[in-house]
Amino acid sequence: MYGNFMVLTVLLNMFIYRFQDALNICSLGCSASMESLVSETRTPIRIGDRSTSDVVVRIRTQDGRDDWFYCHSQVLIERSKYFADRLSENWPTCQILDSRNCVEVYCQESEFDHHVSVLRLLYNVIDGFVDDMWHGVKNALGILQVAVNLGCPQIITACVDYLEAVPWEESEEEEILKIIPRLGTQVEPILARLLPVKQSAIMGIFFSTIRFATSSPPPIMNDLKSSAQEQLEYMLTEDDDAPLLAADDEIKSEVKDCVKRLFERFNNLLEALLCEMELFSDGGKMQSFQSLLSDLSWACQILCKLEIMRELVCNWTDASDKIVKVVKEASPTAELIETKLRVIEVAAKILEAIGYGTVILPSAKRLHMVKVWLPFVRVAKPLIDSVTTAHDDAPTLKMDSELWQSLESTFVSVILALPSAEQAEILTEWLGNEHIQYPDLTEAFEVWCYRSKVSKRRLSFLAVNHDKINTY
């Protein structure tokens with residue numbers, strides 16, 4: 001019994017010893033494997049490493065360019081669908097070059113460098129962190145096209161992220177519009193900044209802009225306001241493209257309210273200047289007056305596009321006497337010439353709306369506008385011309401010659417639409433005035449003479465009708 005126990009003890013000790021020895025061997029093996037893995041991690045494979053390469057990629061062009069790149073099938077297969085297909089068993093032919101599999105890629109000469117960049121990026125793209133490898137928008141676009149053709153999703157994602165985030169120059173934007181739409185939905189995020197927005201967003205922008213453009217911010221913000229006014233006019237202009245937004249009732253109502261508030265500020269300043277004319281010599285008052293006139297001139301263009309000029313025309317017509325009085329009685333300064341110029345610019349647009357039937361006013365109001373603005377314009381023009389001639393370097397004092405011609409034509413149109421007796425009154429005063437040269441009312445005079453001469457013959461039927469009515 002004792003002998004058997006001793007045998008079992010010996011066998012158990014031998015088992016324990018061999019088990020510990022096996023554990024030590026396994027531990028050494030695992031340690032060696034870990035060291036090997038760490039060693040491999042520390043020395044990643046690189047493109048061009050001939051000692052570890054198992055694939056040659058030949059990039060060739062029709063011009064005879066042929067470059068070899070020593071690559072690794074593991075990288076190519078994992079990160080490019082094109083190379084995965086070419087290196088698969090399903091590909092019917094696979095050349096052997098320099099004891100390695102060979103994949104030939106043909107491209108245009110202009111695409112060669114982009115193909116090389118894509119090959120290098122296959123080794124460098126890790127979670128898309130390759131921000132310093134694109135070398136500009138144009139180069140990134142070339143790489144993106146090659147990446148799409150070779151089926152490289154990681155490069156495509158990184159390239160899309162780059163192009164979506166960086167600023168573009170105008171020429172680059174046009175190039176993007178040519179290229180991106182044909183590359184598929186995976187690259188559409190690049191076009192996010194160019195997509196049309198909802199009408200509600202456009203209207204929100206329009207409302208905010210029109211309120212700022214018709215406000216009276218500090219002079220330091222004048223450039224910002226001018227830019228806002230330019231963009232509003234662009235939104236409403238029909239050129240090669242349709243206007244950015246339709247002129248519906250909501251748009252028109254908002255514009256009318258903003259212009260109404262603008263004219264109220266202008267009218268309040270007029271009243272203040274009439275009460276205390278000496279204030280007009282103050283530079284701040286002068287600048288405010290000119291700024292409001294410039295805003296009203298711009299507002300005329302917007303109102304014309306929206307066909308809602310009537311309210312401003314009526315308000316300006318009612319205020320015309322005050323406007324002329326303020327400018328005439330103001331202290332003569334260099335700024336006064338510019339003020340007269342701004343006044344005439346607005347008056348010309350108002351008279352044009354009246355003269356060509358955009359806004360219909362009674363003949364009494366039309367006659368009043370002619371009697372107020374005709375004397376003012378013909379006296380102001382020689383003064384403005386003399387100053388602008390003497391100061392060619394002062395662009396703010398220059399008035400487009402076409403505007404003078406347009407204003408002259410407008411006066412003729414307004415006058416010829418008045419009753420003939422009132423035309424005669426205006427023409428009589430014009431013929432005896434020293435400023436007969438401008439505005440030149442010769443056309444109105446000729447038409448009046450013709451109408452007056454043939455009136456009895458042309459309107460004889462009226463007398464006949466009157467006689468018939470009287471007989472009854």
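This is a predicted model: local features need pLDDT of at least 70, side-chain atom pairs count only at pLDDT 80 or more; totals for chains, interfaces and linings use all residues.

**Pockets, a cavity and some helix pairs**

Modeller: The largest pocket is lined by 28 residues, and the ones nearest its centre are Gln290, Ser291, Ser294, Asp295 and Arg342. H11 gives the most, with 11 residues. Sort the lining of the largest pocket by class and you get 6 nonpolar, 13 polar and 9 charged residues.

Now for the second largest pocket, with a volume of about 350 Å³. Here 14 residues do the lining, and Tyr234, Asp241, Ala242, Pro243 and Leu244 are the closest to the centre. H9 turns up again, giving the largest share of this lining with 3 residues. By class, the second largest pocket is lined by 10 nonpolar, 2 polar and 2 charged residues.

The structure holds 1 cavity of 30 Å³ or more, and about 60 Å³ of space lies in the largest cavity. Its lining is made up of Lys256, Val259, Lys260, Phe263, Leu303, Ile308, Glu311, Leu312 and Asn315. Helix H10 (249-275) and helix H12 (310-329) are the elements that give two or more residues to it, and H10 has the largest share, 4 residues. That cavity lining divides into 5 nonpolar, 1 polar and 3 charged residues.

While we're here, let's see how some helices pack. Helix H15 (residues 401-416) and helix H17 (residues 442-458) have axes 9 Å apart and pack at an angle of about 20°. Angles under 35 degrees count as roughly parallel, so H15 is roughly parallel to H17. Their crossing is right-handed. On the H15 side, Val412, Ile415 and Leu416 meet Glu443, Ala444, Val447 and Arg451 of H17. Those contact residues divide into 5 nonpolar, no polar and 2 charged.

Another pair to look at is helix H5 (residues 137-150) and helix H7 (residues 170-179), whose axes come within 10 Å and cross at roughly 10°. H5 and H7 are therefore roughly parallel to each other too. Val137, Leu141 and Gln145 of H5 make the contact with Glu172, Glu175, Ile176 and Ile179 of H7. By class, this contact has 4 nonpolar, 1 polar and 2 charged residues.

Key
Residues are numbered from 1 along each chain as its sequence is written. Side-chain values use heavy atoms; hydrogens and water are left out. Axes are lines fitted to C-alpha atoms, for helices over the stretch in contact, and angles run from 0 to 180 degrees between N-to-C directions. Angles under 35 degrees count as roughly parallel, over 145 as roughly antiparallel, 65 to 115 as roughly perpendicular and the rest as oblique. Contact means heavy atoms within 4.5 Å. Ala, Val, Leu, Ile, Met, Phe, Trp, Tyr, Cys and Pro count as nonpolar, Asp, Glu, Lys and Arg as charged, and the others, Gly among them, as polar. On a 1 Å grid over the protein atoms alone, a cavity is a set of points where a 1.4 Å probe fits but cannot get out, and a pocket is an open set with protein on both sides within 12 Å along at least five of seven lines; lining residues have an atom within 4 Å of a point. Grid points are joined across faces, edges and corners, and a volume is the space filled by probe spheres set on the points. A crossing is left-handed if the near helix is turned anticlockwise from the far one by less than a right angle, and right-handed if clockwise.
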